[in-house]
Amino acid sequence: MVSLESKRFLCDICNSAFSQKSNLYTHRRTHTGERPYVCPDCGKSYAKRSTLNLHRLTHLEVKPHPCDLCPKRFSLRTQLKRHYTTHFKTKPFNCEICNKSFIEKCDLANHVLSHTGESPYTCESCNKTFIRQSKLEAHILSHTGERAFVCELCPKRFIRKSHLQYHHRIHTGEKPYICELCNKSFRQNSSLKVHYLTHTGLKPFCCELCNKWFRTKSDLNKHAYIHGGEKPFKCELCLKSFIQKGALEIHSFIHTGERPHICEFCKVGFRSKTHLRKHYETHMRDRIQKDKQKSSQNLMQTEILTQTDIEKHKIVLI
């Protein structure tokens, strides 16, 4: 046991004491937010080298920690611990404001910031603020232009691995998140969560002016303009106004004739991403149909060859 006398290195911010100078330096980073150890694979940064080393296991796909209850394996012991809670459905940390529950205390702490409006992590380049350090790190890459994750099926590149994984599902048609109540499937877990609200009838976002409730915060934000009759985004060519900036951008393509969202397979252009996504589905259907036809042709050829072999065998017997 280390005696109090041996802890001679004091933090000048919170007076915490440490026996080694290196431990004091590491501790100070909790105050400054400094994260000098950067992952070369994804750009994530950490206060400790040991934490970075653990993180890098996730890129190497080394998974030494197996779950005793299912076949899944994990790179980190903390990931396994978190996974265990999915078997027992335990979320011990509850929000006192909205009663939402969380698996880990840090998740609750981040969630509470959504109620207080506090965004403690600030981008030094544009002063945009974020609730989580990980969100800030991803945002910083938007300034550097670095897109390390490349799609194998088309030339698109992405800042984060999760964005690439979601994009890949557009090509494959995969929708892994399935509603337990109606079996409807979704590409993103967030879309499934919003969909669940259609079954429960729950609308957690309330307008302070008319007490109308909404399923998502974006729906509430759109509704807020109705009270002032405000449509702040106006077309300079025809003076038509819109509630959302994105809607104005799509509208402007009518005047310019521009179709910036290009299909990587047939080079057809579309005004919006949603139209391009629907178009991609036609390619997937065509591919599935061609695969089925190819399989049936191979089967027919196999049957013809088999029949020919039988006839040859009969001749040999005669």
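User: Hi! What should I know about the model before we start?
Analyst: It is predicted, so local features need pLDDT of at least 70 and side-chain atom pairs count only at pLDDT 80 or more, while totals for chains, interfaces and linings use all residues. Residues are numbered from 1 along each chain as its sequence is written, and side-chain values use heavy atoms, with hydrogens and water left out.

User: How many aromatic pairs are there?
Analyst: The count is 1, where rings of Phe, Tyr and Trp (its six-membered ring) pair if their centres lie within 6.5 Å, and planes under 30 degrees apart are stacked, over 60 edge-to-face and the rest tilted. Phe 265 and Tyr 280 are edge-to-face, at 5.8 Å centre to centre with 90° between the planes.

User: Nice! Is Tyr 280 buried or exposed?
Analyst: Tyr 280 is buried, at 4% relative accessibility, whereas Phe 265 is partly exposed at 35%. Buried means under 20% relative accessible area, exposed over 50%, and partly exposed in between (1.4 Å probe, protein chains only).

User: Changing topic, where is Ile 13?
Analyst: Ile 13 sits in the loop between β1 (9–10) and β2 (17–18); strands are DSSP runs of E, at least two residues, and helices are runs of H or I, at least four, numbered from the N terminus. Ile 13 is exposed, with a relative accessible area of 54%.

User: And how far is Ile 13 from His 31 in space?
Analyst: They are 8.0 Å apart, C-alpha to C-alpha, and 18 residues apart in sequence.
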